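Here is a short note to read beside the model. Keep the structure open as you go through the points.

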Amino acid sequence: MKYCVLIIDGASGLPLAERGGKTCLELARTPNLDAMAKEGTLGLVRTVPAGMEPSSACACMSVLGYDPTVYYRGRAAIEARSRGIPIGDGEAVFRCNLVTVRDGKMWDYSSGHISTDDARELISALNERLGDENIHFYPGVGYRHICKLRGREETLLASCTPPHDIPGRPISQFLPRGQGSQFLRELMRRSEAVLQDHPVNVARRAHGRNPATMIWLFWGSGRVPDMPAFRQVYRLEAAMTSGVDLLQGLARMVGMEVLDIPGVTDGLDNDYAAQAAGALKALAGHDMAVIHIEAPDEAAHEGSIDDKVEAIQSIDREVIGRLRLWKEDALRLLVLPDHPTPIPVRTHTAEPVPFLLWGKGFRANGAHRLTEVEAGSTGLFIERGHEIIHNLIS
């Protein structure tokens, strides 16, 4: 028996008044997923424990079978692990986004989805001007980067807001606050002078692209606790494909192989077919493949209904369509979002998400589509999200 977990990041959401009260999952044409839904078991699962932040880090930790109330200590450290950034005693790491602020408001949390090449030049400039033995910036992918601080553990006590939570709102209301926040606010302010007239930003403005006007620090964390290896806990060898550092970091923390598949990105330009083919190829040498696709979440953060629907449809066509070619007696499949990212709010929420279990041993329970309403109508509800992995492999 082989197993596959398909995480459709942020795919669930709220009814959209402008689209007849339907959610993006309901709007999307998903013939492959519909066929599986008629044959499999559907329900709702709470991937974000009560009182915890509805981040992909927390939710995906649940999906992979690890209780966030035990192991979750912050997202930045997980991403640092993905990039091989060590975190020593007395050190803190923060997610460092390159953002566009205009007229004092958060105009774009991703600086126009800035390219990795452009971003690396800006991160290098930040290190030259602001970096020292206690401050270092590490380049990542696109707009996502890491800032490591030494001797500033008090900054971990600051209350920070993710920039994608405040589109179009005055940043003065959402800058780091509370104990330890002053240093973070000052570093963010100093970044503006470094970035203002950098050649990369001059060129971006000239071509009508959003410039990166400042850094935004959030999701701070220190060292994370050791997590037991997936093979040790579940007696399975697993591999993962994802276009984001966070998921790659989680995979490495639990000893999963991270697949290097050309064309896999965090956006709508993702090569879905290559990602599916690479994951299925990995099943020849692994018991489980985890496929994480970020595109629906990115579209939701941008507030684009059409892009989110198109991403879901591409996943159905290029990924689910290939998974269906496996015989039911040879593959067991779990499909679900990690968390909702509703278009009206353009950020993550903590509501339970719909899931589908398909393959040998799973029976139809009355649903016809993987949607929020149909999954809820089955009456099947899993309260402790990290236990859903047992439903897949037991």
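1. Buried means under 20% relative accessible area, exposed over 50%, and partly exposed in between (1.4 Å probe, protein chains only). Threonine 341 counts as buried because its relative accessibility is 0%.

2. A word on the source. This is a predicted model, where local features need pLDDT of at least 70, side-chain atom pairs count only at pLDDT 80 or more, and totals for chains, interfaces and linings use all residues. Residues are numbered from 1 along each chain as its sequence is written, and side-chain values use heavy atoms, with hydrogens and water left out.

3. Where does threonine 341 lie? Look in the loop between strand S11 (331-336) and strand S12 (353-358). Strands (E, at least two residues) and helices (H or I, at least four) are DSSP runs, numbered from the N terminus.

4. Which side chain makes a polar contact with the side chain of threonine 341? The partner is aspartate 297, at 2.6 Å. A polar contact is a pair of N or O atoms within 3.5 Å; within protein, one must be able to donate a hydrogen and the other to accept it, and residues adjacent in sequence count only if both atoms are side-chain atoms.

5. Now the wider surroundings. Contact means heavy atoms within 4.5 Å. Leaving aside neighbours within four places in sequence, threonine 341 is in contact with Gly10, Ser12, Asp297, Ala300, His301, Lys308, Arg346, Thr347 and His348.

6. Helix H12 (295-301) and helix H10 (245-253) are the elements that give two or more residues to the lining of the largest pocket. H10 provides the largest share, three residues.
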